[in-house]
Number of protein chains: 2
Amino acid sequence: MTAKAKTRLYVEVPLSQEGIVELSKDKAHFLKNVLRLSPGDSVAFFNGADGEWFGRLDVLSKNTATAVLDHQSRPQSPMPDVWLVFAPIKRARIDFVAEKATELGVAQIRPVITRRTVMARVNTGRLEANALEASEQCERLDVPQVYEPEQLNKVLDNWPEGRRILWCDEGASGGPIAQALANLDEQAKSDPWAILIGPEGGFDEVERNRLIEFPDALAVTLGPRLLRADTAAAAALAIWQAWVGDWDLTPT
Amino acid sequence: MTAKAKTRLYVEVPLSQEGIVELSKDKAHFLKNVLRLSPGDSVAFFNGADGEWFGRLDVLSKNTATAVLDHQSRPQSPMPDVWLVFAPIKRARIDFVAEKATELGVAQIRPVITRRTVMARVNTGRLEANALEASEQCERLDVPQVYEPEQLNKVLDNWPEGRRILWCDEGASGGPIAQALANLDEQAKSDPWAILIGPEGGFDEVERNRLIEFPDALAVTLGPRLLRADTAAAAALAIWQAWVGDWDLTPT
């Protein structure tokens, strides 16, 4: 009962004592032929709402798999409320962003089209698949929501009141990220946040001026070297988690 | 004179006023056929010692290229003295580690073989190529040194006195990284450092016990989720730079 299941699966069904989970053909194939599991083997499930549940595989054939839930191994726990709002980048790097942002505990992944964005098309299905796989790997109890790309201006027009923006600004309108976060008061730390990462080449002047005026946007710098957008996203999220988010908690 | 060269190249020759830089056949091909530059175009050079110099392409043929140095655009500046000591991981992820660690300002990249390391062979030439390309991209004035893999025990046997270790310990023997770094005194902040990242699955008990006893090893945790080794490396380096390294400096 205490041995740890190595396999974690995200499912979109309720999880409860003695509940039965039916898995898709794809997952049946994965469990049987890739992981080479057998009936009776233990698998963990989560659905973003009911915590993590251990179950035992019951039926396991080429086309179908079911598991019977045994016990809840972890209750659902709140996640930090932080979005990643970023200008999309080319394929391998955007996959990376989805994976790393998920491990680093982001709640929403929101691509935004800026004036200098080169990649206007984003395969959000692929981003979702990366986020889902990373969630299964990193012991999350939920999967971050992936949005379709939107125009930056539209996102800012509809910006929710009270959500702060950590704006990673190559233009150096702000101060070093460590000082900026160290100076936050308790109210600011408990507010919802978003990390904002511009395109390669940065936001243009019109966008910068809007952000400089924007309520609750905190401009920060990420050191003297030029970071790629994917590096900046991972760095800023890690630093935010360490000082504002939930990295005061120990590993599960 | 003030327009910024878009192309930066690392070279292994001295750089000085009116010096001539001869480039390899590979670089001639890259400049001529990939970047489509012409004689007279501006290129920036750095060599890890003489700062950054702007020069103009003189000869540019299929087999050879030369540039005449015009002026020094940036003096050489010191880099934070931080190593990344990590258990090697599979190919795409180790490429990522070399690139991200370089952008995040690491001085040395040192793969170590641990008891649970799966990948004992490392293509260090490939790591060097990734580190070099990232250095050119991110405006560094040097290229981090890449070492051949060594046994962790041997690395610790020869550990230089006074170099501190930030040990990212999944086993949670330490406290949260933010608190640990916030509590460092000025002496500790000015000492040389190394970030230590274990293999997937963590260090084994023998290794952990040695690290727990090791002088100047500071064990820290990176939050409640399980990070992949490459994510942990990037996160820890970014956080170290923000609080101990040179991220109080603004972008160049």
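Modeller: Two strands pair if DSSP finds at least two bridges between them; strands (E, at least two residues) and helices (H or I, at least four) are DSSP runs, numbered from the N terminus. This is a predicted model, in which local features need pLDDT of at least 70, side-chain atom pairs count only at pLDDT 80 or more, and totals for chains, interfaces and linings use all residues. Residues are numbered from 1 along each chain as its sequence is written, while chains are lettered from A and ligands numbered from 1 in the order in which they are written.

Biologist: In what order do the five strands of the open sheet in chain A stand?

Modeller: The edge strands are S1(A), residues 8-10, and S2(A), residues 20-23, each pairing on one side only. The pairing is mixed, and the order is S1-S3-S4-S5-S2.

Biologist: Which residue of S5(A) is the bridge partner of A:Ile20?

Modeller: S2(A) runs antiparallel to S5(A), residues 65-74, and four bridges join the two strands. Within S5(A), the bridge partner of A:Ile20 is A:Val68.

Biologist: At what angle to S4(A) does helix H1(A) run?

Modeller: Helix H1(A), residues 25-34, lies across S1, S2, S4 and S5 of chain A. Angles are taken from 0 to 180 degrees between the N-to-C directions of axes, which are lines fitted to C-alpha atoms, for helices over the stretch in contact. Relative to S4(A), residues 52-60, H1(A) runs at about 85°.

Biologist: Are H2(A) and H8(A) roughly parallel or roughly antiparallel?

Modeller: H2(A), residues 91-103, packs against H8(A), residues 229-243, with axes 9 Å apart and an angle of about 5°. Angles under 35 degrees count as roughly parallel, over 145 as roughly antiparallel, 65 to 115 as roughly perpendicular and the rest as oblique. The angle therefore makes this pair of helices roughly parallel.

Biologist: How many charged residues has the contact of H2(A) with H8(A)?

Modeller: Residues are in contact if their C-beta atoms, placed from the backbone, lie within 7 Å. A:Arg93, A:Phe96, A:Val97, A:Lys100 and A:Ala101 in H2(A) meet A:Asp230, A:Ala233, A:Ala234 and A:Leu237 in H8(A). Asp, Glu, Lys and Arg count as charged; Ala, Val, Leu, Ile, Met, Phe, Trp, Tyr, Cys and Pro as nonpolar; and the others, Gly among them, as polar. This contact has six nonpolar residues, no polar ones, and charged residues numbering three.

Biologist: Which element of chain A gives the most residues to the side that touches chain B?

Modeller: The contact takes 35 residues from each of chain A and chain B. On the side of chain A, the elements giving two or more residues are H2, H5 (177-182) and H8. With eight residues, the element that gives the most is H8(A).

Biologist: As by what kind of axis are the two copies related?

Modeller: Chain A can be laid on chain B with an RMSD of 0.0 Å by a turn of 180° and a shift of 0.0 Å along the axis, superposing by least squares on the C-alpha atoms of residues with pLDDT of at least 70 in both. The copies are thus related as by a two-fold rotation axis.

Biologist: What distance separates the centres of domain 1 and domain 2 of chain A?

Modeller: Domain 1 covers residues 8-74 and domain 2 covers 82-243, with bounds from an automatic or database domain assignment. Eight residues of domain 1 are in contact with six of domain 2. Taken over C-alpha atoms, the centres of the two domains are separated by 33 Å.

How values were computed:
Contact = placed C-beta atoms within 7 Å.
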